[in-house]
Amino acid sequence: MKLCGYSRKRSRGSDAVLLAYDFAGVVAAAMVRPNPLMAKRIQGLIGRTVEAVFALPAELQAAIDLFYQSESVVQELAGKLAILDISAADGAFDLEQLRESAGTEAVISFAEGLLLLAVKERASDIHVEPTEDAVRIRFRIDGHLQERFSLRRNVLPPLLSRLKILAGADIIERRLPQDGRVSIRLGDRTIDFRFSSTPAVHGEKIVLRVLGQIQQQPVPNLNELMFSKSNLEKLQGILAQPNGIFFVTGPTGSGKSLTLYSCLKHLNEIDTNIMTIEDPVEYRLAGINQIQVNTEIGLDFQRVLRSFLRQDPDIILVGEIRDKESGKLAAEASLTGHLVLTTLHTNSAVQAFTRLIEIGVDTFLVAPTVIGSMAQRLVRRICPDCKQEQGLSREEMGKHFRWTGDKRVSFFVGKGCEHCRGTGFRGRLAIHELLEVNDELRTLIGRNAPIMDIYNCARAAGFTDMHHDGMKKVLRGLTTLAEVNEMAMH
């Protein structure tokens, strides 16, 4: 659903109208009190078929607030900051000065506008970075940092203080790192941000990670994650096994949690008891028992996992294997008849086995319990609004695809448009490598064989790496050669 730029508000939310149009070209006019006469008036204005639909006041107001939050609006708020006299006589602010400057309307409005703009633009992180003579603000979108604003240096103390107040951090402490959480209301839901500050040469740097975004997104089905046909069939076969450990590996931010939740959604049946241990709980699925780790009261992965075994589970998700004890408990749980899904920080699917052994899990536990391992990376997806075909020469085909025929094959790129801010990309998808563990691999793992022996054995059984999967997605027009070459080589 794509929003149009029309709204009408006589009172906050109660008489608002928000337009959207679907791919069939029919415009939906969301209203608190659907009015067919107003729908006809709008139809006359825009020359398209309009249908009046119901929306709750809070939902409607939240959508309007987000739609009208733009970079130009926040830039205007930044301009109001620039004209404020918020400098201290000696360059240092005391507690009262910080509180007073952080409470000015311009600072409050800019901070709120910045957070809402990040949500609207699908940013995963906001970076507030002091330089020698300015304050740079960047958003990480689709895995890449993009500069949004450059502010005068003197706005740094009140802006940092405002963000610290929202996060419950100490506004006077500038020498030590601090962590916290910022929450803002958006209609009937809350958007959460993880706050982190650290001292740097030119002042404190703050990073806000957007957490509330993912909680509002529906968990996709497995067939919506753009798996290749062969990998999807292998994955479904692994998930059909009654017990064992299945790993999803990759660096932080590679989409491991989303993949695992799609697996849980695939397995979620009325006769199946699924329990999860997470830090934090990133997605919510009906019918699944989820537990949030709380180390402050001693509720860690190990303690929860031990209690799970007395809760009659069929399937257990462990957010991450972090140490020997959690790895050993997961292996023992699989040996007692449970299917265990979890993540591990490794660069490839094959390295999952050696990583487990490195952290201290015995080979006699690893070899019989691991049933599969999948590594993944996220690549940027070509923007559908500016996607265009581009041919490859015969030489390029031979280089990238080992193509020796005469047939010319096309691939696609994004030329850049307003929808993708000129980047040519919008959104991301995963490229995968999936390894099923057979008896021969189990023997090698049990002998603690070198990783290259395990890799060669896997290749002989049909294993292909994520670069191969990425090239398939290039040929399908989903991403570009440069993206796959960059991410698959990491």
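In which sense do strands β5 and β6 pair, and over how many bridges? The pairing of β5 (residues 125–130) with β6 is antiparallel and runs over six bridges. Strands here are DSSP E runs of at least two residues, helices are H or I runs of at least four, and both are numbered from the N terminus; two strands count as paired if DSSP finds at least two bridges between them.

Before going on, a word on the model: it is predicted, so local features need pLDDT of at least 70 and side-chain atom pairs count only at pLDDT 80 or more, while totals for chains, interfaces and linings use all residues. Residues are numbered from 1 along each chain as its sequence is written, and side-chain values use heavy atoms, with hydrogens and water left out.

**Around β6**

β6 also pairs in the antiparallel sense with β7. Here are the two pairings side by side:

**Helix α16**

Now to α16 (residues 451–460), where Ile454, Cys457 and Ala458 are buried. They sit on the same side of α16 because they cover an arc of only 100 degrees around the axis, taken from the directions from the helix axis to the C-beta atoms. What covers them includes α12 (351–358), β19 and α15 (439–446), with contact meaning heavy atoms within 4.5 Å. After α16 comes Gly462, with a positive phi near 105 degrees.

**The cavity**

The structure holds one cavity of 30 Å³ or more. A cavity is a set of points on a 1 Å grid over the protein atoms alone where a 1.4 Å probe fits but cannot get out, and lining residues have an atom within 4 Å of a point. The largest cavity has a volume of about 40 Å³, counted as the space filled by probe spheres set on the points, which are joined across faces, edges and corners. Its lining includes His432, Glu433, His468 and Lys472. Elements giving two or more residues to that lining are α8 (229–239), β19 (425–436) and α17 (466–475), and α17 gives the largest share, three residues.

Notes: 1 Å grid on protein atoms, 1.4 Å probe; cavity = no way out; pocket = protein on both sides within 12 Å on 5 of 7 lines; lining within 4 Å. Buried < 20%, exposed > 50% of the residue type's maximum accessible area, 1.4 Å probe, protein only.
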